[in-house]
Amino acid sequence: MGATGYYIHSDCKLHNMGAGHPECPERIDAIEDRLLITGVADALDRRTPGEANLAEIKLAHRRLHIAAIRGMSDWLEEDDVAAGSSQHFSLDTDTSMNSKTYRAALLAAGAAVEATDAVLAGELENAFCCVRPPGHHACGNRAMGFCFFNNVAIAAKYAVARHGLERVAIIDFDVHHGNGTEDIVAGDDRILMLSYFQHPFYPEDWPLRHDDNLVNVPVPAYTKGMDIRELVDAMWIPRLDEFKPQLIFISAGFDAHREDDMGQLGLVEADYQWMTQRIKDVAKRHCEGRIVSCLEGGYNLSSLARSVEAHLRVLADV
């Protein structure tokens, strides 16, 4: 059995969008505590990532977008010194940044890139990136939905551009539509994106695309786990088997859990465990088990931690 990498960096917790914001540093603490008390942490190959470089970020994002986030970070750092406390800048109604956001976003993307290198090199069978900020709403030229750089899209583009892969799959099981990932990969026939998401829901004004490399499965509020399982078997698995991916990325959002107030779907830990096993079975059939999973949503701290534990138990065979 190959090892499961677990990528985490303490500086990802320094990014903060203000008191009471659901995408908070405590999300990482809750996951860490759960993995420690259950013993799952002992089964993981713990690794500390470095920052993604600008060439890697530019695989998915426009130069002006990167420069804007970097420039705002520098401005906020100057304000912190002048004010003697951490300042925030709002990019939209639910997304803001502090002086530590830019580095945290580079580390989150760096974790996805380094995990990709390690899995493709055979050092690891699969990996989970326990990072923040999340990424799947970040578009090529826009930060939104708590996201600044699109970790999974960067890593997928890196896999095809730098490793020469011809077929890469992205599976997004967050409760929200991964519109940023879709914006970046739509029309790229080297990358197959499959997702389900509550609809209509955030982002409300985002039109659903129907490019050949997208498998969008919008579901209504209050859809339960057994219905999602049927959709996965009917719509995801046949397309994945036809595509035969050489590497699978997961945008692992756990806010479709029935205890999470950020959505209205009805999944539980057993559903995430089942779904991860189905994805792992596909990976074993087509790409030697190679999976890179990156944390996206999940805002009820208890259900988030339990769901990540379930996800990692399957990835690590514990």
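**View 1. L91 and the nonpolar surface patch in the predicted model.** L91 is partly exposed, with a relative accessible area of 32%. This residue sits in the loop that connects β3 (89-90) and β4 (96-97). Together with W75 and F89, L91 makes a nonpolar surface patch of about 260 Å².

View 2. Strands β9 (residues 247-252) and β10 (residues 291-295) run parallel and are joined by five bridges. I250 has S293 of β10 as its bridge partner.

**View 3. Helix α5.** Of the 11 residues in α5 (residues 151-161), 10 are buried, so the helix is largely enclosed by the rest of the structure. Among the buried residues are N151, K157 and Y158. The buried set also includes V152, A153, I154, A155 and A156.

**View 4. Salt bridge between R103 and D11.** The two side chains meet at 2.9 Å, N to O. R103 belongs to helix α4 (residues 101-120), whereas D11 is in the loop between β1 (4-7) and α1 (26-38); the two are 92 residues apart. R103 is partly exposed at 34% relative accessibility. Salt bridges with shared partners connect D11, E51 and R103 in one network.

**View 5. Salt bridge between R46 and E32.** The closest N and O atoms are 2.7 Å apart. R46 is in strand β2 and E32 in helix α1, so the pair ties together parts 14 residues apart in sequence. R46 is exposed at 52% relative accessibility, while E32 is partly exposed at 21%.

**View 6. Salt bridge between K280 and D317.** Here the closest N and O atoms are 3.0 Å apart. K280 lies in helix α8 (residues 269-286) and D317 in the segment after α9 (301-316), 37 residues away. K280 is buried, at 1% relative accessibility, and D317 is partly exposed, at 43%.

**View 7. Cysteines C12 and C294.** The model has zero disulfides. For C12, the nearest cysteine sulfur is that of C130, 8.6 Å away. C12 is buried, with a relative accessible area of 1%. For C294, the nearest cysteine sulfur belongs to C129, at 4.0 Å; the cut-off for a disulfide is 2.5 Å. C294 is buried, with a relative accessible area of 0%.

Definitions and conventions. Residues numbered from 1 in each chain as written. Predicted model: local features only at pLDDT ≥ 70, side-chain atom pairs only at ≥ 80, totals over all residues. Heavy atoms only, no water. Buried < 20%, exposed > 50% of the residue type's maximum accessible area, 1.4 Å probe, protein only. Patch = residues over 30% accessible without salt bridge, like charges linked within 9 Å, V, L, I, M, F, W, Y side chains within 5 Å. Areas by Shrake-Rupley, 256 points an atom, 1.4 Å probe, with all protein chains shown as cover. Salt bridge = Lys/Arg side-chain N within 4 Å of Asp/Glu carboxyl O. Helix = DSSP H or I, 4+ residues; strand = E, 2+ residues; numbered from the N terminus. Pairing = 2+ DSSP bridges.
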